[in-house]
Amino acid sequence: GLEEEGGIPIKELRSGESKSAYVTFAKEPDSFLTGSAACVLCFTMKEVDKDTGEPEEDGTEDEYQLEEVVLNICDFIEPYEVANFH
């Protein structure tokens, strides 16, 4: 199977903005899983003070169901060692 190895989360996303988050997975050597996986966006929604523009300390945890991710063999990256890289 695949195990989550790391990622780059979105620290802050204000109304009207668009940003990307990334996740990396480790797989068993010589295995190339194909199929689909469910994705859920987990986030904390915070009110913003109209006078200061700063978000409140506390927020409400929520989640949003995203489209499934489909994995094909062409989505995998195989390491390749280059002897004379200039």
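Predicted model: local features only at pLDDT ≥ 70, side-chain atom pairs only at ≥ 80, totals over all residues.

Colleague: Let us begin with the cysteines. How many disulfides does the structure hold?

Modeller: A disulfide is a covalent bond that joins the sulfur atoms of two cysteines. In this structure there are zero disulfides. C39, for instance, takes part in no disulfide, and the nearest cysteine sulfur, which belongs to C42, is 11 Å away.

Colleague: Is C74 buried or exposed?

Modeller: The cut-off for exposed is over 50% relative accessible area. C74 has a relative accessibility of 65%, so C74 counts as exposed.

Colleague: I turn now to charged side chains. How many salt bridges does a search of the whole structure find?

Modeller: Side chains that carry opposite charges can pair when their charged atoms come close. The search of the whole structure finds two salt bridges. One of them joins the side chains of R14 and E12, with 2.9 Å from N to O. Another joins the side chains of E17 and K19, with 4.0 Å from N to O.

Colleague: How accessible are R14 and E12?

Modeller: R14 has 34% relative accessibility and therefore counts as partly exposed. E12, its partner in the salt bridge, is at 39% and is likewise partly exposed.

Colleague: And how accessible are E17 and K19?

Modeller: E17 has a relative accessible area of 38%, so E17 is partly exposed. K19 is at 45% relative accessibility and counts as partly exposed.

Colleague: Which residues gather in a patch of negative charge on the surface?

Modeller: For such a patch, like charges are joined within 9 Å. Here the patch consists of E47, D49, D51, E54, E56, E57 and D58. Let us take D49 as the case to study: D49 is placed in the loop between strand 3 (35-45) and strand 4 (60-71). With a relative accessible area of 35%, D49 is partly exposed.

Colleague: Finally, which residues form a nonpolar patch on the surface?

Modeller: L2, V23, F25 and L33 form that patch, and together they have about 330 Å² of accessible area. V23 is in strand 2, which covers residues 22-27, and F25 lies in strand 2 as well. V23 is at 48% relative accessibility and counts as partly exposed; F25, at 48%, also counts as partly exposed.

Colleague: How far apart are F25 and G6 in sequence and in space?

Modeller: They are 19 residues apart in sequence, and their C-alpha atoms are 7.0 Å apart.

Technical notes
Residues numbered from 1 in each chain as written. Heavy atoms only, no water. Patch = residues over 30% accessible without salt bridge, like charges linked within 9 Å, V, L, I, M, F, W, Y side chains within 5 Å. Areas by Shrake-Rupley, 256 points an atom, 1.4 Å probe, with all protein chains shown as cover. Lys, Arg positive; Asp, Glu negative; His and termini not counted. Charge placed at Lys NZ, Arg CZ, Asp CG, Glu CD. Helix = DSSP H or I, 4+ residues; strand = E, 2+ residues; numbered from the N terminus. Buried < 20%, exposed > 50% of the residue type's maximum accessible area, 1.4 Å probe, protein only. Disulfide = S-S within 2.5 Å.
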